[in-house]
Amino acid sequence: MNRQTRIAVVGAGLGGMTVAGFLQRAGFAVTIYEQAPAFSRIGAGIILSANVMKVLRRLGIEQMIVDTGIKPDSYISRAWDTGETMYEIEFDAASEQRFGGPYLNIHRGDLHAVLEKGVAPGSIAFNHRLVALDETRDAIRLVFDNDAKVDADIVIGADGINSKVREYLLGPEPPRYIGAVAHRAIFPTEVLRGYKIPDCTKWWGPDRHLLAYFMTSKRDEVYVIGVVPRPQWNSDAASRPGSREELIADFANFHPDLLRVLEVTTDVSVWPIYDRERHDRWSGGRIVLLGDACHPMRPYMAGGGAMAIEDGAILSRCLAQFDDTAEAYRWYEATRVDRVGDVQRISIENSWMRGPTDTDWFYCYDPCVVELKPEPKESGQ
Ligand SMILES: Cc1cc2nc3c(=O)[nH]c(=O)nc-3n(C[C@H](O)[C@H](O)[C@H](O)COP(=O)(O)OP(=O)(O)OC[C@H]3O[C@@H](n4cnc5c(N)ncnc54)[C@H](O)[C@@H]3O)c2cc1C
């Protein structure tokens with residue numbers, strides 16, 4: 001594609017930063033428009049598997065992420081009542097060799113600070129909340145809440161689960177509340193007063209689960225996310241304050257090893273969980289979607305951010321390779337929809353690493369080199 005093509009990325013999340021970084025490296029002038037005034041260190045962790053780390057390596061930021069987060073020794077699945085180990089995967093030099101990269105846990109705020117280094121300095125326009133799009137024959141106009149107006153040739157909607165770009169492309173449709181909330185808490189390890197916990201454990205109950213992991217190689221900060229059923233969420237707010245008592249009450253019957261951890265949690269907040277039904281139309285005209293803007297999923301496989309980052313890598317390759325925008329978008333969709341659909345399905349089942357699991361297809365995947373798939377031919381052609 002002509003390197004003079006004006007590309008606007010809406011949203012400086014995981015997917016937006018990835019696609020912008022790669023397109024800039026391919027010689028395109030790209031601006032990222034972000035509604036927030038700056039990146040903040042919101043209280044949550046994130047798991048980045050080898051398929052993601054390979055992408056971040058190409059953006060030159062893998063080592064910074066490794067230095068900031070932690071490569072856990074292993075991931076352990078345990079039964080809520082007996083504490084029995086249902087599955088364990090060890091992460092070491094041999095697994096890194098096999099998967100082509102490490103498995104990494106990190107604070108989201110720390111991740112974002114590093115991601116910012118993967119894009120050209122000054123290419124993020126903060127305080128720009130997209131409110132409207134207007135497509136004409138020659139360009140597409142982006143209108144922001146600060147009254148700024150920008151013309152572009154291509155708009156990449158990387159604006160998350162409540163995507164304005166998606167709304168323009170597919171019409172308004174609120175995301176689906178899945179009937180569950182996540183308690184989230186971060187606390188310093190010292191409050192455990194010497195009580196030792198593994199690097200990363202998922203506790204599996206009949207209708208709820210809880211994940212606890214360190215976020216730094218010093219093992220001085222613990223992240224806990226516990227998902228429980230809640231039929232209703234009657235608020236537009238992204239979260240509400242929670243409490244240690246509410247968290248413990250929701251996991252009261254769980255194994256003492258877990259309760260020992262929950263007893264020291266502080267700063268608990270409660271987040272409703274949303275997703276959308278699978279929908280395989282990700283583009284139209286000058287617009288293309290990636291990440292949660294087109295396929296938000298339940299956070300049960302640590303796959304949503306990974307899919308956004310993989311999307312960014314593949315979309316940038318398609319835009320760099322094909323002259324025609326529509327053709328680039330079709331190859332991008334053809335390459336991505338099946339894999340993303342599998343991750344969506346497994347996230348709904350909540351079955352990932354519950355018991356013996358084939359992880360190679362997920363972790364060994366490298367979106368920077370995987371063969372791009374041609375658009376499906378119409379039958380009869
Ligand atoms: C509780 C929970 C735990 C999770 N844990 C993991 C995990 O461990 N591993 C993993 O891979 N995934 C995880 N996920 C999923 C992951 O967080 C998302 O899939 C990922 O953040 C999607 O990235 P994105 O770039 O598409 O969107 P986002 O990260 O949501 O970024 C969207 C960006 O767009 C901006 N924006 C929105 N609207 C506008 C607008 N109108 N104008 C301008 N800017 C706008 C937002 O401010 C934001 O910066 C988890 C999700 C949840 C809810």
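Predicted model: local features only at pLDDT ≥ 70, side-chain atom pairs only at ≥ 80, totals over all residues.

Biologist: How many cavities of 30 Å³ or more does the structure hold?

Modeller: Rolling a probe the size of a water molecule over the atoms shows where empty space is left. Here a cavity is a set of points, on a 1 Å grid over the protein atoms alone, where a 1.4 Å probe fits but cannot get out; lining residues have an atom within 4 Å of a point. Points are joined across faces, edges and corners, and volume is the space filled by probe spheres set on them. The structure holds 2 cavities of 30 Å³ or more.

Biologist: Which helix gives the most to the lining of the largest cavity?

Modeller: Helix 4 (residues 93-99), with 3 residues; helices are DSSP runs of H or I, at least four residues, numbered from the N terminus. The lining includes Phe-91, Asp-92, Ser-95, Glu-96, Phe-99 and Tyr-363. By class, that lining has 6 nonpolar, 3 polar and 2 charged residues (Ala, Val, Leu, Ile, Met, Phe, Trp, Tyr, Cys and Pro are nonpolar, Asp, Glu, Lys and Arg charged, the others, Gly among them, polar). Among the residues lining the second largest cavity are Arg-278, Trp-282, Cys-294 and Val-340.

Biologist: At what angle do helix 2 and helix 9 pack?

Modeller: Angles run from 0 to 180 degrees between N-to-C directions, with axes fitted to C-alpha atoms over the stretch in contact. Helix 2 (residues 50-58) and helix 9 (residues 304-321) pack at about 40°, axes 9 Å apart. The pair is therefore oblique (under 35 degrees is roughly parallel, over 145 roughly antiparallel, 65 to 115 roughly perpendicular, the rest oblique). Asn-51, Val-52 and Val-55 of helix 2 make the contact from their side, contact meaning heavy atoms within 4.5 Å.

Biologist: And what about helix 9 and helix 10?

Modeller: Helix 9 and helix 10 (residues 325-349) pack at about 160°, with axes 9 Å apart. That makes helix 9 roughly antiparallel to helix 10. The contact includes Leu-315 of helix 9 and Trp-331 of helix 10, and by class has 11 nonpolar, 1 polar and 4 charged residues.

Note on methods
Residues numbered from 1 in each chain as written. Heavy atoms only, no water. 1 Å grid on protein atoms, 1.4 Å probe; cavity = no way out; pocket = protein on both sides within 12 Å on 5 of 7 lines; lining within 4 Å. Helix = DSSP H or I, 4+ residues; strand = E, 2+ residues; numbered from the N terminus.
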